[in-house]
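Dear colleague,

My notes on the contacts between its chains follow it.

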Amino acid sequence: MAMRQTPLTCSGHTRPVVDLAFSGITPYGYFLISACKDGKPMLRQGDTGDWIGTFLGHKGAVWGATLNKEATKAATAAADFTAKVWDAVTGDEVLTLAHKHIVKSVNFTEDSTCLLTGGNDKVLRIYDLGKPEAEPLEIAGHTSAIKKALWCNNDQQILSAADDRTVRLWDKNTKEAVKTLAFDASVSSMEYIPDGEILVITYGRTIAFYNANSLDLIKAVDAPASIHSASLHPEKDFFVAGGDDFKLYKYDYTTKEEMESYKGHFGPIHCVRFSPDGELYASGSEDGTLRLWQTAVGKTYGLWKCVLPALKAWWFNISK
Amino acid sequence: MSSGMKTPVSVLRLPRGPEPNSRGFDPTSPRFIALCPTTLPSSSSSSGSADEEEQRLRAELRERFLRTLLLMTGKRVRFDMHEHVRVHARFGASDIDVLNLQVCDLETPLGVQREALLRSQDVIACSFEV
C-alpha cells in the first residue's frame, strides 16, 4: 500500500538555513550541523533531528558548517570574517581563524588535523589545527568569491567552486590548479563522494556528475526549476535535489528519471544531503527550517513508524 | 477509501527543538560523559599539576563571577553595551548559561521599561555600588 512521505520539521533557526552537513557514523549515531543566517549554527542528532546544542560565538551570518567524521569537532564559516573550530561534544569554541573577508566554506581532512577554508577574498587557506598560530598555506587563483572548497583524493587535492563560474582541482603540495571546469552559469553547490570518486555539481537547472579525479562528465540531468543543491545516495541508486520552487526532487541515478517530488518547505531549498547510512536526507530552506525525509517511505526508522493499516486504529488508541 | 489516496507515514513524535535558555550540549548525555575528561581532580602527574593549577584558577574566577552575580541582585546596575549604549536598571537574575539578564526599571531614552531582558552578548561591562 502506497504511503505518503511525512517530513520531520526541525525548528529553532530564525533565519534561512544555508548549509548543512552530516558526520560519519559514530558509536553514538550520526549527527547533523546546520549553518544559518541567524549566526547560531546548531548540532542535531542525525536520525531524529533532535536538537543537541547551539554553537554560540559568531557575530554574523554563518554561511558554512561541517563536522569531522567522529562528530567530535565542528567548524563554521561566517560573515564576521572568521572561521571557527568547536568542540562538538561540549559546544565550546576551540579556535577562531581570522580572515580578510566573509568566509563561506570549511572542510576538515579525514583525520581532522587540517581545516580548509574559502570565501569572498578568493583565496583557499589550509590551517594546521595542531599549530593554529602558524600562517595557513594559501592557494590563490580564483577571480571571484569562493563558494565551496572540499578536500578530495585522500586529502591530497582540493576542489573549489567560485562565483567566477569555475570549478578547479588543485594539488595541495604544488598549490597549482591541475584542472579547471568552466560553466556558463554560477555553480550553486558541490558534493564530493570519496567512495567512487564522484563530484556532484549543480548550476542553473542542472545536476551534473563528474569523475572527481579527471573532472570528466559522467552524466547530467535537468530539473523543472533552478536547483541550489543536490546529493547522491551512498549506494548511488538515487539522488535528490532542491531549489527555487520549494520542492525536493528524487531521481533514479541510473536512468536519470524523476521518481518523486515532495512539497513541504515554504521557501527555496538551499542545501540537501543524504545521511551517511542513506536512510534519510535533510534539506535546509529559506523558510528557516530543516526537514528530514525518508529514503524508503513508510519504513520504520528514527521517528518514523511503519504501521500496518489493519492495526492502525488499535495503535492510535493504545498510544494515547 | 478512494484508490490513489495515500496514507501519511506515522511518526512517534516531532524532533525536539532548542531549549530557550540554554545552549544545550547536555553534560549528562552518554556521549558527553564518555568523551569529556573528568572535571574531578585526579591523582597528580607531572603534566597534570599545570592543568590542575589552571583548573583551580578557573574555578576560583568562576566562583568570583557567580558571587558577583549574587551580590548584584536587587541592586541598581550600570550596563555598558555595544554602540556606546549605557543604561541603568535593577538587576534580577541571569539564566543558567548567562545568555540573558533579567532586569527591572530599565532606563532607556524611550522611557523606563518595567521589566526587560538584556542579551548578555550585547553587554560589555556592568558596574554597581557594593
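How many salt bridges are there between chain B and chain A? The count is 4. Please bear in mind throughout that this is a predicted model. One of the salt bridges joins B:Arg13 to A:Asp50, with 2.7 Å between the closest N and O atoms. Polar contacts across the interface of chain B and chain A comprise 15 residue pairs, counting those in which both residues have pLDDT 80 or more.

On the side of chain B that touches chain A, the elements giving two or more residues are strand 1 (7–8), strand 2 (10–11) and helix 1 (30–35) of chain B. Helix 1 of chain B provides the largest share of that side, 5 residues. Sorted by class, the residues of chain B on this side are 14 nonpolar, 5 polar and 6 charged.

As to the extent of the interface, 25 residues of chain B are in contact with 43 residues of chain A. The area buried between the two chains is about 3000 Å², and carbon and sulfur atoms give 63% of it. Of the area that chain B buries against chain A, 27% is supplied by B:Val9, B:Phe25 and B:Arg31, more than by any other three residues.

The two chains are also linked by strand pairing. Strand 1 of chain B pairs with strand 1 (residues 3–4) of chain A in the parallel sense, over 2 bridges. Within this strand of chain B, B:Thr7 is the bridge partner of A:Met3.

With kind regards

Notes
Residues are numbered from 1 along each chain as its sequence is written. Chains are lettered from A and ligands numbered from 1 in the order in which they are written. This is a predicted model: local features need pLDDT of at least 70, side-chain atom pairs count only at pLDDT 80 or more; totals for chains, interfaces and linings use all residues. Side-chain values use heavy atoms; hydrogens and water are left out. Contact means heavy atoms within 4.5 Å. Buried area is the accessible area (1.4 Å probe) that two parts lose on being put together, summed over both. A salt bridge is a side-chain nitrogen of Lys or Arg within 4 Å of a carboxyl oxygen of Asp or Glu. A polar contact is a pair of N or O atoms within 3.5 Å; within protein, one must be able to donate a hydrogen and the other to accept it, and residues adjacent in sequence count only if both atoms are side-chain atoms. Helices (H or I, at least four residues) and strands (E, at least two) are DSSP runs, numbered from the N terminus. Ala, Val, Leu, Ile, Met, Phe, Trp, Tyr, Cys and Pro count as nonpolar, Asp, Glu, Lys and Arg as charged, and the others, Gly among them, as polar. Two strands pair if DSSP finds at least two bridges between them.
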